[in-house]
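Here are a few exercises to work through with the model open beside you. Try each task before you read its solution.

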Amino acid sequence: MSLHYFSSLVSKMFCVAALATVTLSGCGDSGPERASISGQVTFDGQPVEDGTISFVPAGDTQGPVSGDRIVNGTYTIPADKGPVIGSHKVEIKATRKTGEKIPAVPPATGEMEVTEDYIPAKYNTETTLTADVVGGENKKDFTLTAN
């Protein structure tokens, strides 16, 4: 067998192995199972008008953080972007207008309305909220209070 023939054979075998690896990498598990989740969020009895909700895997649960906007007190996260099955810490944040206006930061002109974060830290940066997510559709409502 000539050196050129051997080199060509090795090159072809490498190409076949590389193609098989690429083909097989598309098969199998596409990541942890996710679920859809929706619900209502209120603060002191009123719907949270504009905020965010995040589901952060906790304990043995592995996977990405999932979240969405809260609009007029509701949120909906479809399964393809939803939280993974398991235990989660839940973080809820929201801002509201204070009625105060300040000069706009250049290059903007005029005034801008001041907003404030009003959801207590126990519901976001120091959250005490949890949710267990199961397969399929989940409904989780959160009733928050200032105290």
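**Exercise 1. Is Glu116 buried, exposed or partly exposed, and which residue does Glu116 pair with in a salt bridge?**

Step 1: Glu116 has 34% relative accessibility, so it counts as partly exposed (buried is under 20% relative accessible area, exposed is over 50%, partly exposed is in between, with a 1.4 Å probe and protein chains only).

Step 2: Look for the partner. Glu116 forms a salt bridge with Arg96, and their closest N and O atoms are 3.0 Å apart (a salt bridge is a side-chain nitrogen of Lys or Arg within 4 Å of a carboxyl oxygen of Asp or Glu).

Step 3: Arg96 sits in strand β6 and Glu116 in strand β7, 20 residues apart, so distant parts of the chain are linked (strands are DSSP runs of E, at least two residues; helices are runs of H or I, at least four; both are numbered from the N terminus).

Step 4: Arg96 is partly exposed, at 40% relative accessibility.

A note on ground rules: this is a predicted model, where local features need pLDDT of at least 70 and side-chain atom pairs count only at pLDDT 80 or more, while totals for chains, interfaces and linings use all residues. Residues are numbered from 1 along each chain as its sequence is written, and side-chain values use heavy atoms, leaving out hydrogens and water.

**Exercise 2. How many salt bridges does a search of the whole structure find?**

Step 1: The search finds three.

Step 2: One of them joins the side chains of Asp50 and Arg69, at 2.5 Å from N to O. Asp50 is in strand β3 and Arg69 in strand β4 (residues 66-71), 19 residues apart.

Step 3: Another joins Lys139 and Asp141, with 3.3 Å between the closest N and O atoms. Lys139 counts as exposed at 56% relative accessibility, whereas Asp141 is partly exposed at 46%.

**Exercise 3. Which residues touch the most other members of the largest nonpolar core?**

Step 1: Know the term: a nonpolar core is a set of buried Ala, Val, Leu, Ile, Met, Phe, Trp, Tyr and Cys residues joined through side-chain atoms within 4.5 Å.

Step 2: Among the 21 residues of this core, the answer is Phe55, Tyr75, Ile92, Phe142 and Leu144.

Step 3: Elements giving two or more residues to this core include β1 (36-43), β3 (50-57) and β6 (86-103).

Step 4: Zoom out. The protein chain has one helix and 10 strands, and 27% of its 147 residues count as buried.
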